[in-house]
Amino acid sequence: MAGEPQDDCLFCKIVAGHVPATIVRETETTVAFRDINPQAPTHVLIIPRAHHKDAAALATAEPELAADLLREAQAIADDEKLDSYRIVFNTGAGAGQTVFHTHAHVLGGRGLEWPPG
């Protein structure tokens, strides 16, 4: 069920403290941690504590929680002293989503070209 922790979800396990991660920020509603395969000098994932399969599902079910992720992206950019950065939500396997728990990638610290992939 949406919002409920899933036993087979890696990010739910990180939220619960069952899987280690390099946490950089935590709020009542979000957890942010460094990506284990960084694509830029700063590559942080921000996840909601509540399980939602992707950004579209999160925005439909809990738009205020989606806004929390975006606020945290700015806070991370401030903490990392980034004057510019990219926020990426991959939605669906065809877009590169590999963990089906909403997450935003905050990328910065180098030039980011467009188009991205």
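Biologist: How many aromatic pairs does a search of the whole structure find?

Modeller: The search finds 1 aromatic pair. Bear in mind that this is a predicted model.

Biologist: Why is the pair of Phe11 and Phe33 called edge-to-face?

Modeller: Two values decide that. The ring centres are 5.5 Å apart, and a pair requires centres within 6.5 Å. The planes stand at 70 degrees, and over 60 counts as edge-to-face. The pair of Phe11 and Phe33 is therefore edge-to-face.

Biologist: What makes this pair a tie between parts of the chain?

Modeller: Phe11 belongs to helix 1 (residues 10–16) and Phe33 to strand 2 (residues 30–34), so the pair ties together parts that are 22 residues apart in sequence.

Biologist: How do you know whether Phe11 and Phe33 are buried or exposed?

Modeller: The limit for buried is under 20% relative accessible area. Phe11 has 5% and so counts as buried. Phe33 has 4%, so Phe33 counts as buried too.

Biologist: Which residues make up the largest nonpolar core?

Modeller: That core has 11 residues in all, among them Ala32, Val44, Ile46, Leu58, Ala66 and Val106. Strand 3 (42–48) and helix 3 (63–79) each supply at least two of its residues. The largest share, 5 residues, comes from helix 3. Apart from this core lies another, of 9 residues, including Ile14, Phe33, Leu45 and Val99.

Biologist: What does Ala66 touch, not counting residues up to four places away in sequence?

Modeller: Ala66 touches Leu58 and Ala59 on that count.

Biologist: Where is His105, and why is His105 called buried?

Modeller: His105 sits in strand 5 (residues 104–108). Its relative accessible area is 11%, and the limit is under 20%, so His105 is buried.

Biologist: What makes the link between the side chains of His105 and His43 a polar contact?

Modeller: The distance between them is 2.8 Å. A polar contact needs a pair of N or O atoms within 3.5 Å, one able to donate a hydrogen and the other to accept it. The two side chains make such a polar contact. Leaving out residues up to four places away in sequence, His105 also touches residues including Asp35, Val44, Leu45, Arg86 and Asn90.

Biologist: Why does Gly109 count as exposed?

Modeller: Exposed requires over 50% relative accessible area. Gly109 has 51%, so Gly109 counts as exposed. The residue lies in the segment after strand 5. Leaving aside neighbours within four places in sequence, Gly109 is in contact with Pro41 and Leu82.

Biologist: How do you know that the radius of gyration agrees with a compact globule?

Modeller: For 117 residues, a compact globule would have a radius of gyration near 13 Å. The protein chain has 13 Å, so the value agrees. Along the principal axes, the C-alpha trace spans about 40 × 30 × 25 Å.

Biologist: What pattern does the protein chain follow along the sequence?

Modeller: Read in that direction, the pattern is α-β-β-β-α-α-β-β, from 3 helices and 5 strands.

Biologist: What share of the residues is buried, and what share of the accessible surface belongs to carbon and sulfur atoms?

Modeller: Buried residues make up 38% of the 117 residues. The accessible surface comes to about 6800 Å², and 53% of this area belongs to carbon and sulfur atoms.

Conventions. Residues are numbered from 1 along each chain as its sequence is written. This is a predicted model: local features need pLDDT of at least 70, side-chain atom pairs count only at pLDDT 80 or more; totals for chains, interfaces and linings use all residues. Side-chain values use heavy atoms; hydrogens and water are left out. A nonpolar core is a set of buried Ala, Val, Leu, Ile, Met, Phe, Trp, Tyr and Cys residues joined through side-chain atoms within 4.5 Å. Buried means under 20% relative accessible area, exposed over 50%, partly exposed in between (1.4 Å probe, protein chains only). Helices (H or I, at least four residues) and strands (E, at least two) are DSSP runs, numbered from the N terminus. Contact means heavy atoms within 4.5 Å. Rings of Phe, Tyr and Trp (its six-membered ring) pair if their centres lie within 6.5 Å; planes under 30 degrees apart count as stacked, over 60 as edge-to-face and the rest as tilted. The radius of gyration is taken over C-alpha atoms; the globule rule is 2.2 Å times the number of residues to the power 0.38. Accessible areas come from the Shrake-Rupley method with a 1.4 Å probe; for residues, only the protein chains shown count as cover.
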